[in-house]
Protein chains: 4
Amino acid sequence: MDIIVLSHEAAEEDIRHIIKRLEGWGLGVHVSQGTERTIIGVIGDTSKVTEEEEDSIRAAAGVENVVRILKPFKLASREFKKENTVIDVCGVTVGGRRVPVMAGPCAVENETVLTSIAKKVRDAGASFLRGGAYKPRTSPYAFQGLGPEGLKHLAHAREKTGLPIVTEIMDPRDLEVIVEYSDIIQIGARNMQNFRLLLEVGTCRKPVLLKRGLSSTIKEWLMSAEYIMSRGNQNVMLCERGIRTFETATRNTLDLSAVPVLKQLTHLPVVVDPSHGVGKRDLVAPMAKAAIAAGADALMIEVHTNPEEAMSDGEQSLKPEQFEKLMQELKPVAEAVGREI
Amino acid sequence: MDIIVLSHEAAEEDIRHIIKRLEGWGLGVHVSQGTERTIIGVIGDTSKVTEEEEDSIRAAAGVENVVRILKPFKLASREFKKENTVIDVCGVTVGGRRVPVMAGPCAVENETVLTSIAKKVRDAGASFLRGGAYKPRTSPYAFQGLGPEGLKHLAHAREKTGLPIVTEIMDPRDLEVIVEYSDIIQIGARNMQNFRLLLEVGTCRKPVLLKRGLSSTIKEWLMSAEYIMSRGNQNVMLCERGIRTFETATRNTLDLSAVPVLKQLTHLPVVVDPSHGVGKRDLVAPMAKAAIAAGADALMIEVHTNPEEAMSDGEQSLKPEQFEKLMQELKPVAEAVGREI
Amino acid sequence: MDIIVLSHEAAEEDIRHIIKRLEGWGLGVHVSQGTERTIIGVIGDTSKVTEEEEDSIRAAAGVENVVRILKPFKLASREFKKENTVIDVCGVTVGGRRVPVMAGPCAVENETVLTSIAKKVRDAGASFLRGGAYKPRTSPYAFQGLGPEGLKHLAHAREKTGLPIVTEIMDPRDLEVIVEYSDIIQIGARNMQNFRLLLEVGTCRKPVLLKRGLSSTIKEWLMSAEYIMSRGNQNVMLCERGIRTFETATRNTLDLSAVPVLKQLTHLPVVVDPSHGVGKRDLVAPMAKAAIAAGADALMIEVHTNPEEAMSDGEQSLKPEQFEKLMQELKPVAEAVGREI
Amino acid sequence: MDIIVLSHEAAEEDIRHIIKRLEGWGLGVHVSQGTERTIIGVIGDTSKVTEEEEDSIRAAAGVENVVRILKPFKLASREFKKENTVIDVCGVTVGGRRVPVMAGPCAVENETVLTSIAKKVRDAGASFLRGGAYKPRTSPYAFQGLGPEGLKHLAHAREKTGLPIVTEIMDPRDLEVIVEYSDIIQIGARNMQNFRLLLEVGTCRKPVLLKRGLSSTIKEWLMSAEYIMSRGNQNVMLCERGIRTFETATRNTLDLSAVPVLKQLTHLPVVVDPSHGVGKRDLVAPMAKAAIAAGADALMIEVHTNPEEAMSDGEQSLKPEQFEKLMQELKPVAEAVGREI
């Protein structure tokens, strides 16, 4: 249901005009004439009212405000589907009692380094190998990723370790090759509202890890999930990775309260990436623990055998021994909130 | 030149290690041993140091901070090119003394309405027709634009009015058809860091209007311009359209101080879009005047003959008579700052 | 009028309970039963409903949201008083056709420098002398102002130039002495929600210049004006001075769209301080022009004869000759929007 | 040590002028002449350089930027004092292994309700009773607190339960009476930069709980602690309670990464207030657990026996049974990170 607030200068004619339009859409109205404002309560299924129709009411003469009460996402909403979505990726589940960890380097650099890291994170208890073959970089002069060759390295590392892989897509034209190699398709923060990419990814059935945009509200983020789901792909995981605020002590501000908020609004699993959220190695461990305590369904953590020579984001990568220590420390935290690592 | 600040726990060995790497890249160093910190001033052309090399220094043992002094963009910088870039679009210049106005509906809806709006904005003094054939919408259920058919309507309106057209690209696969029809290719705020799209657009020679991302710093925005320019297309205009802040009284916060900041940092023309910046019809006129007073090279303004029935952003569109009045009011403001409309 | 949105799990009993409370406050209700939500429209004068009563409804069982339609400020609202408030300060009006300029150093340093600056800004056309005797500084080790001695220097400069003075209050205990010396009492951004100070200042009848807090919404700012006015002092001017955002190219982000927004919401005069808004000397002039074009009723600009030796904010102070040039440039801009300097 | 970056238009004379001033302050310099920029590394104890002196260098001809390397706070810094500060309040320690919980209503309403809540939170395991006698409210028409009478109710509740009390100060003139009654003096978010209040509180020796301002950086927050400490009161606790961002799903964005950042920068104890951070009852428990996992030294939680009738912030208050359940759930989380409740 929507509510239309009329300005106190709205004429009778303005009100009649609006009611006529609403009735034309098959909706009923309740008009409440207050001492200072008139409000129109809209009755019926307004979920069929499109965004542009709502805008047109908002732009109509005499209208001060339109308050949308129903959530603008459907397939992603908890109301649409009560029980948690549990996604099975090659036998590892995301969204269940166990909290799997996705670990690996920011960018895939070469087969040897990647496989070495993959083995170390698997031995430490990671369930997925992450690594970018296509890298979004703010500068055109920075390393842009190995592309298809990187995908092959990932497949090689999967073969050697058994870890399913997570890798990022940046261009709808790369979908075919990425679907061929990857087990989870990641959509990065900067592409969260690249709507063409979302629609493209919605056409396949591979699980998608959708990162939150740097200045995206939770509602917008769920609308982006809805884009993917509206095309048929229901296997979406949401990944909090920090939002942009005025604070400069951390790379971004990791919004952990998004975790319980999402748990109320949606049935989709929630992943947290503390590495990008804070941007500094020393802060990753406490925030990983906090993420689990807040209810995260999975973690994504950057690990590199030689952070100093990493081609991207070395500053925030854990060394394998740090990662191993963290995995040990996460166990009791997970148990304390009724989960397991 | 870069500056490397060492933590006060940095060992002699750490310092030697860093110096050796810098020297390996052909750079010199000045080490300043303070009472509490040691800093290394890097000498030579650090513009050749890639982002990942810088990151690796930042991740090295003993390093507290790396301060980059040189700007990370080159082709876009005022230092690289002192004089203002003036872009000629079908005989209309952007970046010169005259301040052209781009006007039209948010989305192209049909040929008749579009041509009617086009005639009205031309008669009122607009120099370009704007209108989206491909529309980025937060909801998958909202009108997504007419696509190629919309481009044809734009071409038709251009034929009838003589106004060159500005329209948005959302997908690298659409470049060919958009280049065929459009005179200026717009990249929307949500695609400002869609790096694949930037590179693709960089391969053509059509002028590009690059909107600022909702949470993009001015530096990141110039890096995105650099992406386009690095591929050979130097015809980039930057369009301020509001940033996301905590304030909810306006749709976004129009950052007019970006205009004089950009005038110092870059030679590229600066466009301001007050319609998206404020999101409310009544606020467009004062902010359009303020934009010109702040030094904008061009304006982009939404106009619709029937805002109430517009399929997108009706609330912020001016009616033709309001636009005509605004154009008259802008003239003395432009003259007051040595420009003309 | 308020609207109460009930969650779709609200029981009949919850609804009855809420209605009973509203009726107990002398209010009527319109209940609209939708297919997915029930909403209660509250009828009658809800301006008498206190914030805590509203909160208690929000906390009641079954309530999903409460939407307040009426503005929470009264005395400050345009609805309460249609015509613009024009404040007369020693014969200079703020809020009328003329746009007075308040100029001077950030901090009062000594009598000679202050009087010299005062003469220069008066000769260039300023109408008020600004200068801080009490200075809010982020560091306890920085210069905190001359205190009462600074007030005497201001009075001396007023005597020599005829310019009324504007100076800041930081502590309710200083009200008496500041009222004795100052013509306008300034409340700084960091004290915008120092509610005790607001109440204290509300007890006197001196005009008050209320700066916007760094992260204050326009609504909160008007509530702070309401605090002062609720105690009887109606002579409040609102001063936009930049808000805090993620952008670091400027000290703050000067929110000029606040000017037309305030013009709609309130009858109080609006002042703009571009010096603090941008924090860099070179950006002050374009933003001062933009402020007038956006509809500002007055400007506040920092001027110092020797910015390099200023004890505070030297980086953003204009030199007298720059200020004089700016005053000349502002004249045609003011005329272009139907005002005069 | 500071670094001064000169613009590439800086003249020899500009450089000499700056060096002369630095040497006049007893500092040495290292000049590094790069191909595009010259930088001056300042040698010696720049902690004695005041903010205004730094500003004057920043304002000098030829200067592009000044980078301050040393932290601007001293007494609060981890470098000044390596070991954690542990504050003893009537036998309860804050900053040690145990994580005490401060609980109670937002505002003190009457003796009976307060004492009843106090007993319940004590029985559930709380170590302090919180409650405001003086309340900062955005509206002048809202309940402003009971004042001295509220303090007496707090003292009464302490007598009945043995819980030390935490209450807020809003006005320097109230210090005497608050010191008489309270065990910890709270400074609210809106007063974090009420510098006169900070100085006043610095003159007493009661422990101070300093909340973070809504748009305060971590550095500014530590500077405010430094204000208090510079007057002699070293017993300062820092309380994270959410910052203001664009996200509207929560009242504020609880910045838990501030906890490990503070642990690096300062020796002072860190408290987290999830109630204000999220503003919604259902989100308090997960964020309280996350706060402990992130390393918080204490928690502050709002509890009310009848949230629906609370005079302030009822929407975010836990009911006693919810609080009791939460206290049980926090225990294993604290143990998982080597602490205890």
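Gly62(D) touches Leu6(D), Ser7(D), Ala10(D), Ala11(D), Asp14(D) and Ile15(D), when residues up to four places away in sequence are left out; two residues are in contact if their C-beta atoms, placed from the backbone, lie within 7 Å. The structure is a predicted model, in which local features need pLDDT of at least 70, side-chain atom pairs count only at pLDDT 80 or more, and totals for chains, interfaces and linings use all residues. Residues are numbered from 1 along each chain as its sequence is written, while chains are lettered from A and ligands numbered from 1 in the order in which they are written.

Gly62(D) is located in the loop that lies between helix H2 (51–58) and strand S4 (63–68) of chain D, where helices (H or I, at least four residues) and strands (E, at least two) are DSSP runs, numbered from the N terminus. Although Gly62(D) and His8(D) are 54 residues apart along the chain, their C-alpha atoms are separated by 7.9 Å. Gly62(D) counts as partly exposed because it has 18 C-beta neighbours inside 10 Å; a residue is buried if 20 or more other C-beta atoms lie within 10 Å of its own, exposed if 12 or fewer, and partly exposed in between, with C-beta atoms placed from the backbone.

Chain A contains 11 helices and 14 strands, and its C-alpha trace spans about 75 × 45 × 40 Å along its principal axes. The chain is divided into domain 1 (2–68) and domain 2 (87–336), with bounds that come from an automatic or database domain assignment, and the C-alpha centres of these two domains of chain A lie 43 Å apart. Of the 341 residues of chain A, 61% count as buried, and among the contacts in this chain with a separation of 6 or more, 67% are accounted for by residues 24 or more positions apart.

In chain B, four strands form an open sheet in the order S2-S3-S1-S4, with antiparallel pairing; two strands pair if DSSP finds at least two bridges between them. Strand S2 (28–33) and strand S4 (63–68) of chain B stand at the edges and have a single partner strand each, so one side of each is left without a neighbour in the sheet. Neighbouring strands of this sheet are turned by 20° against each other on average, direction ignored. Strand S1 (residues 2–6) of chain B and S4(B) pair in the antiparallel sense over five bridges, and Val66(B) in S4(B) is the bridge partner of Ile4(B). Helix H1 (residues 12–24) of chain B lies across S1, S2 and strand S3 (38–43) of chain B and runs at about 5° to S3(B), whereas helix H2 (residues 51–58) of chain B touches S1 and S4 of chain B, with a direction that makes about 150° with that of S4(B). For these angles, axes are lines fitted to C-alpha atoms, for helices over the stretch in contact, and angles run from 0 to 180 degrees between N-to-C directions.

In chain C, eight strands close into a barrel in the order S7-S8-S9-S10-S11-S12-S13-S14, and the pairing is parallel. Neighbouring strands of this sheet are turned by 30° against each other on average, direction ignored. Strand S13 (residues 270–272) and strand S14 (residues 298–302) of chain C pair in the parallel sense over two bridges, and Val272(C) stands opposite Leu299(C) in S14(C). In chain A, strand S9 (residues 165–169) is largely enclosed by the rest of the structure, because five of its five residues are buried.

The largest nonpolar core has 456 residues, and those with the most contacts inside it are Leu299(A), Leu299(B), Leu299(C) and Leu299(D); such a core is a set of buried Ala, Val, Leu, Ile, Met, Phe, Trp, Tyr and Cys residues joined through C-beta atoms within 7 Å.

Chain B can be laid on chain A with an RMSD of 0.1 Å by a turn of 180° and a shift of 0.0 Å along the axis, where copies are superposed by least squares on the C-alpha atoms of residues with pLDDT of at least 70 in both. The two copies are thus related as by a two-fold rotation axis. Of the residues of chain B, Ser215(B) comes closest to the rotation axis, at 2.9 Å (C-alpha).
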